[in-house]
Amino acid sequence: MAPRYYIIWGLQDRLAIGQSDTLTSPQLYSVPTQAESWLTNPESVKSVSHDTSSYLKSNVLASTSSSSVVCVVWDAAIVLANFLEVENERCEKKWIPAKKILELGAGLGCVGLFAACLGGDVVMTDLPEVMPLLQMNIDGNKALWTEQRGRAIAKVLKWGPMVGDLDIPSILLVADCVYYDQSAEPLIETICALTDKDTDVIISQEDREQEKLQKLWQYFLSLLCQKFDITWVPVELQHPLFSSPDIILLRARKKLHP
(Lines give C-alpha, C1' and ligand atoms only; values in the text may rest on other atoms or scores of the structure.)
Protein backbone atom coordinates (compact mmCIF):
# COMPACT_ATOMS: atom_id res chain seq x y z
CA MET A 1 0.00 0.00 0.00
CA ALA A 2 1.40 3.40 -0.97
CA PRO A 3 1.87 5.76 2.00
CA ARG A 4 -0.61 8.58 2.56
CA TYR A 5 0.39 11.79 4.27
CA TYR A 6 -2.04 13.55 6.59
CA ILE A 7 -1.15 17.06 7.71
CA ILE A 8 -2.52 17.61 11.20
CA TRP A 9 -2.20 21.03 12.74
CA GLY A 10 -1.98 20.60 16.52
CA LEU A 11 -1.47 22.99 19.40
CA GLN A 12 1.04 21.58 21.87
CA ASP A 13 4.44 19.97 21.59
CA ARG A 14 3.18 16.38 21.45
CA LEU A 15 3.85 14.48 18.26
CA ALA A 16 2.51 11.32 16.78
CA ILE A 17 3.95 8.37 18.64
CA GLY A 18 7.25 7.23 17.23
CA GLN A 19 8.71 10.72 16.80
CA SER A 20 10.84 12.13 19.59
CA ASP A 21 11.30 15.72 18.39
CA THR A 22 9.62 18.58 20.22
CA LEU A 23 8.13 21.20 17.94
CA THR A 24 8.86 24.83 18.67
CA SER A 25 7.66 26.12 15.29
CA PRO A 26 5.56 24.74 12.43
CA GLN A 27 7.49 22.27 10.30
CA LEU A 28 6.91 19.15 8.23
CA TYR A 29 7.93 15.63 9.14
CA SER A 30 7.96 13.81 5.80
CA VAL A 31 7.88 10.17 6.82
CA PRO A 32 5.86 7.47 5.02
CA THR A 33 3.07 7.09 7.57
CA GLN A 34 -0.63 7.83 7.68
CA ALA A 35 -0.52 10.78 10.10
CA GLU A 36 1.67 13.75 10.90
CA SER A 37 1.50 16.37 13.64
CA TRP A 38 2.28 20.08 13.73
CA LEU A 39 2.27 23.04 16.09
CA THR A 40 0.70 26.22 14.74
CA ASN A 41 -2.20 28.71 14.95
CA PRO A 42 -4.98 29.88 12.58
CA GLU A 43 -2.84 32.70 11.16
CA SER A 44 -0.20 30.19 10.15
CA VAL A 45 -2.80 28.03 8.45
CA LYS A 46 -3.75 30.91 6.17
CA SER A 47 -0.15 31.59 5.18
CA VAL A 48 1.03 28.02 4.68
CA SER A 49 1.33 26.80 1.11
CA HIS A 50 -1.15 24.04 0.29
CA ASP A 51 0.91 22.64 -2.56
CA THR A 52 0.45 18.94 -1.92
CA SER A 53 1.92 17.65 -5.18
CA SER A 54 4.38 15.47 -3.23
CA TYR A 55 1.62 13.80 -1.21
CA LEU A 56 -1.04 11.27 -2.03
CA LYS A 57 -3.22 12.63 0.76
CA SER A 58 -3.10 15.84 2.77
CA ASN A 59 -5.41 16.40 5.71
CA VAL A 60 -5.15 19.84 7.35
CA LEU A 61 -6.57 20.55 10.81
CA ALA A 62 -6.48 24.01 12.37
CA SER A 63 -6.37 24.86 16.07
CA THR A 64 -6.62 27.99 18.19
CA SER A 65 -4.24 29.31 20.83
CA SER A 66 -6.73 28.34 23.56
CA SER A 67 -5.50 26.16 26.42
CA SER A 68 -8.62 24.03 26.17
CA VAL A 69 -8.08 20.29 25.79
CA VAL A 70 -10.32 20.30 22.70
CA CYS A 71 -7.68 22.26 20.76
CA VAL A 72 -5.06 19.53 20.94
CA VAL A 73 -4.51 16.55 18.66
CA TRP A 74 -3.91 13.98 21.38
CA ASP A 75 -1.82 10.84 20.93
CA ALA A 76 -4.85 8.62 21.60
CA ALA A 77 -6.57 10.20 18.59
CA ILE A 78 -3.56 9.50 16.37
CA VAL A 79 -3.49 5.87 17.50
CA LEU A 80 -7.24 5.39 16.95
CA ALA A 81 -7.21 7.10 13.55
CA ASN A 82 -4.42 4.85 12.30
CA PHE A 83 -6.07 1.75 13.73
CA LEU A 84 -9.11 2.52 11.58
CA GLU A 85 -6.99 2.32 8.45
CA VAL A 86 -5.16 -0.82 9.58
CA GLU A 87 -8.44 -2.57 10.40
CA ASN A 88 -10.02 -1.37 7.17
CA GLU A 89 -7.11 -2.85 5.21
CA ARG A 90 -7.46 -6.07 7.17
CA CYS A 91 -11.11 -6.21 6.10
CA GLU A 92 -10.17 -5.64 2.44
CA LYS A 93 -11.32 -2.01 2.62
CA LYS A 94 -14.92 -3.07 3.29
CA TRP A 95 -15.15 -2.15 6.99
CA ILE A 96 -15.34 1.67 6.88
CA PRO A 97 -16.81 2.67 3.47
CA ALA A 98 -20.47 3.76 3.63
CA LYS A 99 -20.73 2.80 7.33
CA LYS A 100 -22.58 5.12 9.70
CA ILE A 101 -19.90 6.36 12.09
CA LEU A 102 -20.28 8.69 15.07
CA GLU A 103 -17.51 10.25 17.13
CA LEU A 104 -17.97 11.58 20.66
CA GLY A 105 -15.83 14.49 21.86
CA ALA A 106 -14.44 15.03 18.37
CA GLY A 107 -12.45 18.17 19.21
CA LEU A 108 -10.41 19.11 16.13
CA GLY A 109 -11.91 16.19 14.20
CA CYS A 110 -8.74 14.14 13.69
CA VAL A 111 -10.37 10.72 14.13
CA GLY A 112 -13.67 11.53 12.43
CA LEU A 113 -12.02 13.12 9.42
CA PHE A 114 -9.73 10.13 9.08
CA ALA A 115 -12.78 7.86 9.03
CA ALA A 116 -14.46 10.07 6.42
CA CYS A 117 -11.29 9.92 4.32
CA LEU A 118 -11.67 6.14 4.35
CA GLY A 119 -15.17 6.49 2.91
CA GLY A 120 -17.20 6.54 6.12
CA ASP A 121 -20.45 8.46 6.66
CA VAL A 122 -19.28 10.35 9.74
CA VAL A 123 -21.00 12.53 12.32
CA MET A 124 -18.58 14.31 14.68
CA THR A 125 -20.05 15.61 17.93
CA ASP A 126 -18.88 17.99 20.61
CA LEU A 127 -20.01 21.01 22.65
CA PRO A 128 -21.30 24.25 21.03
CA GLU A 129 -18.08 26.17 21.62
CA VAL A 130 -16.10 23.59 19.65
CA MET A 131 -18.30 23.75 16.55
CA PRO A 132 -16.68 26.71 14.71
CA LEU A 133 -13.22 25.13 14.72
CA LEU A 134 -14.50 21.63 14.02
CA GLN A 135 -16.57 22.89 11.09
CA MET A 136 -13.55 24.79 9.78
CA ASN A 137 -11.56 21.55 9.70
CA ILE A 138 -14.38 19.64 8.05
CA ASP A 139 -14.73 22.29 5.36
CA GLY A 140 -10.97 22.59 4.90
CA ASN A 141 -10.67 18.90 4.12
CA LYS A 142 -13.81 18.50 2.03
CA ALA A 143 -11.91 17.76 -1.17
CA LEU A 144 -10.14 14.87 0.54
CA TRP A 145 -13.11 13.09 2.10
CA THR A 146 -15.41 13.65 -0.88
CA GLU A 147 -12.74 12.15 -3.14
CA GLN A 148 -13.05 8.95 -1.12
CA ARG A 149 -16.88 9.16 -1.20
CA GLY A 150 -16.95 9.89 2.50
CA ARG A 151 -19.25 12.27 4.35
CA ALA A 152 -18.45 14.46 7.35
CA ILE A 153 -20.75 16.69 9.40
CA ALA A 154 -20.59 18.21 12.88
CA LYS A 155 -23.39 18.20 15.46
CA VAL A 156 -23.69 19.56 18.97
CA LEU A 157 -24.02 16.95 21.69
CA LYS A 158 -23.85 17.31 25.45
CA TRP A 159 -23.18 13.96 27.09
CA GLY A 160 -26.06 12.36 28.93
CA PRO A 161 -29.07 10.13 28.21
CA MET A 162 -30.65 12.57 25.73
CA VAL A 163 -29.05 12.37 22.28
CA GLY A 164 -31.54 14.37 20.21
CA ASP A 165 -31.95 13.29 16.60
CA LEU A 166 -28.72 11.30 16.43
CA ASP A 167 -29.12 7.80 15.02
CA ILE A 168 -27.40 4.71 16.37
CA PRO A 169 -24.26 4.22 14.25
CA SER A 170 -22.51 1.09 13.07
CA ILE A 171 -19.27 2.33 14.65
CA LEU A 172 -18.93 4.62 17.68
CA LEU A 173 -15.53 6.28 18.22
CA VAL A 174 -14.24 7.70 21.51
CA ALA A 175 -10.70 9.12 21.74
CA ASP A 176 -9.27 10.35 25.07
CA CYS A 177 -12.61 11.45 26.49
CA VAL A 178 -12.13 10.13 30.04
CA TYR A 179 -10.48 13.11 31.70
CA TYR A 180 -12.89 14.91 34.03
CA ASP A 181 -14.61 13.29 37.03
CA GLN A 182 -17.96 14.87 36.27
CA SER A 183 -18.05 13.57 32.70
CA ALA A 184 -17.57 9.82 33.27
CA GLU A 185 -21.19 8.94 34.04
CA PRO A 186 -22.71 11.22 31.34
CA LEU A 187 -20.28 9.71 28.81
CA ILE A 188 -21.43 6.20 29.71
CA GLU A 189 -25.06 7.31 29.39
CA THR A 190 -24.34 8.69 25.94
CA ILE A 191 -22.54 5.54 24.81
CA CYS A 192 -25.49 3.45 26.03
CA ALA A 193 -28.02 5.69 24.27
CA LEU A 194 -26.16 5.58 20.95
CA THR A 195 -25.51 1.85 20.69
CA ASP A 196 -27.30 -1.42 20.17
CA LYS A 197 -25.98 -4.99 20.12
CA ASP A 198 -24.53 -4.48 16.63
CA THR A 199 -22.64 -1.23 17.28
CA ASP A 200 -18.86 -1.54 17.29
CA VAL A 201 -17.59 0.79 20.04
CA ILE A 202 -13.89 1.65 19.80
CA ILE A 203 -12.27 3.56 22.65
CA SER A 204 -8.73 4.93 22.70
CA GLN A 205 -7.41 6.35 25.96
CA GLU A 206 -4.00 7.48 27.17
CA ASP A 207 -2.87 5.64 30.29
CA ARG A 208 -1.82 8.64 32.37
CA GLU A 209 0.33 8.40 35.48
CA GLN A 210 -1.66 10.70 37.79
CA GLU A 211 -3.41 8.68 40.50
CA LYS A 212 -6.62 10.66 40.11
CA LEU A 213 -6.83 9.90 36.37
CA GLN A 214 -5.95 6.25 36.96
CA LYS A 215 -8.85 5.93 39.38
CA LEU A 216 -11.18 7.77 37.01
CA TRP A 217 -10.30 5.39 34.15
CA GLN A 218 -10.93 2.36 36.36
CA TYR A 219 -14.27 3.80 37.42
CA PHE A 220 -15.23 4.43 33.80
CA LEU A 221 -14.26 0.86 32.91
CA SER A 222 -16.34 -0.52 35.77
CA LEU A 223 -19.39 1.34 34.46
CA LEU A 224 -18.71 0.27 30.89
CA CYS A 225 -18.34 -3.39 31.86
CA GLN A 226 -21.81 -3.38 33.40
CA LYS A 227 -23.37 -2.81 29.98
CA PHE A 228 -20.74 -3.96 27.48
CA ASP A 229 -18.46 -6.87 26.73
CA ILE A 230 -14.93 -5.53 26.29
CA THR A 231 -11.99 -6.73 24.22
CA TRP A 232 -8.57 -5.11 24.43
CA VAL A 233 -6.84 -4.56 21.08
CA PRO A 234 -3.24 -5.82 21.33
CA VAL A 235 -0.43 -3.68 19.98
CA GLU A 236 0.26 -6.34 17.35
CA LEU A 237 -3.07 -5.56 15.68
CA GLN A 238 -2.50 -1.82 15.68
CA HIS A 239 -0.49 0.36 13.32
CA PRO A 240 3.18 -0.73 13.51
CA LEU A 241 4.41 2.83 14.12
CA PHE A 242 1.44 4.62 15.65
CA SER A 243 0.84 2.45 18.69
CA SER A 244 2.16 2.45 22.23
CA PRO A 245 1.75 0.63 25.56
CA ASP A 246 0.74 4.03 26.96
CA ILE A 247 -2.36 4.15 24.76
CA ILE A 248 -5.20 1.79 25.68
CA LEU A 249 -7.26 0.64 22.72
CA LEU A 250 -10.38 -1.42 23.30
CA ARG A 251 -13.52 -2.52 21.52
CA ALA A 252 -16.89 -2.99 23.19
CA ARG A 253 -20.24 -4.56 22.30
CA LYS A 254 -23.46 -4.02 24.22
CA LYS A 255 -24.47 -7.03 26.28
CA LEU A 256 -27.67 -8.81 25.28
CA HIS A 257 -28.71 -9.17 28.93
CA PRO A 258 -26.81 -6.64 31.08
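Let's start with Gln205, which sits in strand 7 (residues 200-206); strands are DSSP runs of E with at least two residues, helices are runs of H or I with at least four, and both are numbered from the N terminus. This is a predicted model, where local features need pLDDT of at least 70, side-chain atom pairs count only at pLDDT 80 or more, and totals for chains, interfaces and linings use all residues. Residues are numbered from 1 along each chain as its sequence is written, and side-chain values use heavy atoms, leaving out hydrogens and water.

Gln205 counts as buried because its relative accessibility is 2%, where buried means under 20% relative accessible area with a 1.4 Å probe and protein chains only. Its side chain reaches the backbone nitrogen of Cys177 at 3.4 Å. Contacts of Gln205, beyond residues up to four places away in sequence, include Ala76, Trp217 and Asp246; contact means heavy atoms within 4.5 Å.

| Partner of strand 7 | Sense | Bridges |
|---|---|---|
| Strand 6 (residues 171-175) | parallel | five bridges |
| Strand 9 (residues 247-254) | antiparallel | six bridges |

Leu173 has Ile202 of strand 7 as its bridge partner, while Glu206 is bridged to Ile247 in strand 9.

Terms used. Buried means under 20% relative accessible area, exposed over 50%, partly exposed in between (1.4 Å probe, protein chains only). A polar contact is a pair of N or O atoms within 3.5 Å; within protein, one must be able to donate a hydrogen and the other to accept it, and residues adjacent in sequence count only if both atoms are side-chain atoms. Two strands pair if DSSP finds at least two bridges between them.
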